[in-house]
Amino acid sequence: MANIFRMEDGVFVGSQLTEADIDALPAKGFRTLVVNRPDGEADDQMSHDAARAAAQRNGLAFHYQPVESVDATEDWAVAGFRDLLDSVERPALFCCRTGNRSTLMWAQAAVSRLGVDAVIDAAAKAGCDFEPIRDIFEDLARDGGK
């Protein structure tokens, strides 16, 4: 079973999903699945095509925004995440291998709207300690998230 954490109203992040995990999402109220993990990171991961098929079979909207871990702070990756965050039907689940990459992109995309303390607290509940990089989030919040 994947680990799933609430980041804000209607927005969740999670670790790598199995087909059974996706089959269970509608019963938990989810409307959208976003896969942030590129295909081929591990031999045992579900491809985005298989995830799309499972999502569609379960009546979920599906989006594929592949971002390698090293690119999770790149402007294009955060902007793409923000665009999805602003447009998908909620509740939405953004997932990657462990949930950390999706959490990092969410935090950068949401900090100007929710504030530094809120994103750092939510990230901590998802297992990500962003306190050592608080200054980066403060800069993002001051610059409108860009």
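Trainee: What share of the contacts in the chain between residues at least 6 apart in sequence join residues at least 24 apart?

Mentor: The share is 69%. A contact means heavy atoms within 4.5 Å. This is a predicted model, in which local features need pLDDT of at least 70 and side-chain atom pairs count only at pLDDT 80 or more, while totals for chains, interfaces and linings use all residues. Residues are numbered from 1 along each chain as its sequence is written, and side-chain values use heavy atoms, with hydrogens and water left out.

Trainee: How do you know whether the radius of gyration of the chain agrees or disagrees with that of a compact globule?

Mentor: The radius is taken over C-alpha atoms, and the globule rule is 2.2 Å times the number of residues to the power 0.38. For 146 residues the rule gives a value near 15 Å; the chain has 14 Å, so it agrees. Along its principal axes, the C-alpha trace spans about 40 × 30 × 25 Å.

Trainee: What makes up the secondary structure of the chain?

Mentor: The chain has six helices and five strands. Both are DSSP runs numbered from the N terminus: a helix is H or I over at least four residues, and a strand is E over at least two. Their order along the sequence is β-β-α-β-α-β-α-β-α-α-α.

Trainee: How do you know that strand 1 and strand 2 are paired?

Mentor: Two strands pair if DSSP finds at least two bridges between them. Strand 1 (residues 4–8) and strand 2 (residues 11–14) are joined by four bridges and run antiparallel. Within this pair, Arg-6 has Phe-12 as its bridge partner. The two strands form a hairpin with two residues between them, and Gly-10 in the turn has a positive phi of about 75°.

Trainee: In what order do the five strands lie in the open sheet?

Mentor: The order is 1-2-5-3-4, with mixed pairing. Strand 1 and strand 4 (61–64) are the edges: each has a single partner strand, so one side of each has no neighbour in the sheet. From one strand to the next, the twist averages 25°. Angles run from 0 to 180 degrees between N-to-C directions, and axes are lines fitted to C-alpha atoms, for helices over the stretch in contact.

Trainee: Which way does strand 2 run against strand 5, parallel or antiparallel?

Mentor: Strand 2 and strand 5 (residues 92–95) run parallel, joined by four bridges. Here Val-13 has Phe-94 in strand 5 as its bridge partner. Helix 2 (residues 48–57) packs on the sheet, where it touches strand 3 (32–35) and strand 4, and its direction makes about 165° with that of strand 4. Helix 3 (residues 75–87) also packs on the sheet, touching strands 1, 2, 3, 4 and 5, and makes about 160° with strand 5.

Trainee: What makes strand 3, helix 2 and strand 4 a right-handed unit?

Mentor: A crossover is right-handed if, with the strands pointing away from the viewer, the path from the first strand over the helix to the second runs clockwise. Strand 3, helix 2 and strand 4 make a β-α-β unit of this hand. The two strands run parallel and share four bridges, with Val-34 opposite His-63 in strand 4.

Trainee: Why is Phe-130 called buried?

Mentor: Buried means under 20% relative accessible area, exposed over 50%, and partly exposed in between (1.4 Å probe, protein chains only). Phe-130 has 9%, so it is buried. It is found in the loop between helix 5 (116–125) and helix 6 (134–142). Leaving out residues up to four places away in sequence, Phe-130 touches Thr-103, Leu-104, Ala-107, Ile-120, Ala-123 and Phe-137.

Trainee: How do Ala-107 and Asp-135 count, as buried, partly exposed or exposed?

Mentor: Ala-107 has a relative accessible area of 0%, so it is buried. Ala-107 is in helix 4 (residues 100–114). Asp-135, in helix 6, has 47% and therefore counts as partly exposed. Of the 146 residues of the chain, 46% count as buried.

Trainee: What is the form of the peptide bond from Arg-90 to Pro-91, cis or trans?

Mentor: This bond is cis, with omega near 0°. Pro-91 is found in the loop between helix 3 and strand 5. Most peptide bonds are trans.
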